[in-house]
Amino acid sequence: MEEFKVLEIKTSVFADNNIQAGKLREELKAEKVFLLNLMSSPGAGKTTTLTRTIEALKSDLRIGVMEADIDSDVDARTIQQTGARAIQLHTGGMCHLDAEMTRQGLEGLNTDGLDLVILENVGNLVCPAEFDTGAVKNAMILSVPEGDDKPLKYPLMFSICDVVLINKVDVMPYFNFDMEKCKANIKLRNPKAKIIPISALKNEGIREWTDWLGNAVKAWCE
Ligand SMILES: Nc1nc2c(ncn2[C@@H]2O[C@H](COP(=O)(O)OP(=O)(O)OP(=O)(O)O)[C@@H](O)[C@H]2O)c(=O)[nH]1
Ligand SMILES: [Mg+2]
């Protein structure tokens with residue numbers, strides 16, 4: 001199997017990240033490549049969910065993954081085992097990616113022949129929400145052990161996401177987590193957000209998520 005690259009990416013020299021992000025989206029549209037920005041706090045289940053997502057979609061879509069972390073290459077190694085094209089991005093201590101860093105990652109990954117690229121952003125509920133990466137859609141994972149009040153505490157993150165996956169529903173009996181309250185808290189921040197409860201570990205709820213993602217990719221690439 002092909003070895004993946006580890007790329008040190010540098011923060012933007014451009015003053016206006018929003019302009020760079022808009023340009024990147026236009027280029028992705030022209031190339032018919034769909035970029036998903038996946039965010040969560042550390043350990044909510046991004047890599048596990050990505051593994052399930054690739055398993056479900058790899059017969060229909062050619063998929064690449066950019067694993068962004070401050071250090072290590074464990075996530076790219078995990079993703080590479082699925083057969084998807086993978087790259088590990090090191091952010092030089094930054095807790096988020098901006099559009100220029102995302103562009104560097106896409107160049108390092110090489111998007112030729114890909115339909116879907118997923119960026120696993122740095123685990124954090126604050127900084128990644130503040131920077132448009134140029135992605136077509138934003139998704140986030142909130143996991144049950146984090147608590148149903150997180151949409152109230154981290155409003156920006158919930159307000160910018162098109163989809164919120166509520167992961168680790170298999171451990172709900174062990175936590176004081178009220179699913180209906182959590183959904184209401186998300187809707188308070190973002191009435192349009194699609195909310196999908198899943199267990200990435202048990203492979204539950206993944207079909208609804210991958211149907212949503214597959215349809216979004218098709219609509220973008222038409
Ligand atoms: N019980 C349970 N555990 C899960 C589930 N999904 C992930 N985990 C576990 O949660 C831990 C973290 O999962 P990862 O997929 O590495 O989470 P991550 O968000 O990629 O973590 P970082 O990249 O470090 O931020 C691992 O021990 C997983 O096995 C789930 O649905 N249920
Ligand atoms: Mg991970």
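Is Cys182 buried or exposed, going by its relative accessibility? Cys182 is buried, because its relative accessibility is 0%, where buried means under 20% relative accessible area, exposed means over 50% and partly exposed lies in between, with a 1.4 Å probe and protein chains only. Before I go on, please keep in mind that this is a predicted model, in which local features need pLDDT of at least 70 and side-chain atom pairs count only at pLDDT 80 or more, while totals for chains, interfaces and linings use all residues. Residues are numbered from 1 along each chain as its sequence is written, chains are lettered from A and ligands numbered from 1 in the order in which they are written, and side-chain values use heavy atoms, with hydrogens and water left out.

Let me stay with the cysteines. Taking a disulfide as a pair of cysteine sulfur atoms within 2.5 Å, the count comes to 1 disulfide, and that link joins Cys95 to Cys127 with an S to S distance of 2.5 Å. The angle about the S-S bond of Cys95 and Cys127 is -85 degrees, which makes the link left-handed. This pair connects distant parts of the chain, 32 residues apart, with Cys95 in the loop between strand 4 (85–90) and helix 4 (99–109), and Cys127 in the loop between strand 5 and strand 6 (137–143); helices (H or I, at least four residues) and strands (E, at least two) are DSSP runs numbered from the N terminus. Cys95 is partly exposed at a relative accessible area of 24%, whereas Cys127 is buried at 17%.

Cys161, for its part, is buried, with a relative accessible area of 2%.

Thr47, in helix 2 (residues 46–57), and Glu120, in strand 5 (residues 116–120), are 73 residues apart and link distant parts of the chain, and both Thr47 and Glu120 are buried.

Helix 2 deserves a word of its own. The expected span of a helix is 1.5 Å times one less than its number of residues, so the 12 residues of helix 2 should span 16 Å, which agrees with the 16 Å between its end C-alpha atoms. The buried residues of helix 2 include Lys46, Thr49, Leu50 and Ile54.

Together with helix 7 (residues 179–189), strand 7 and strand 8 make a right-handed β-α-β unit, right-handed meaning that, with the strands pointing away from the viewer, the path from the first strand over the helix to the second runs clockwise.
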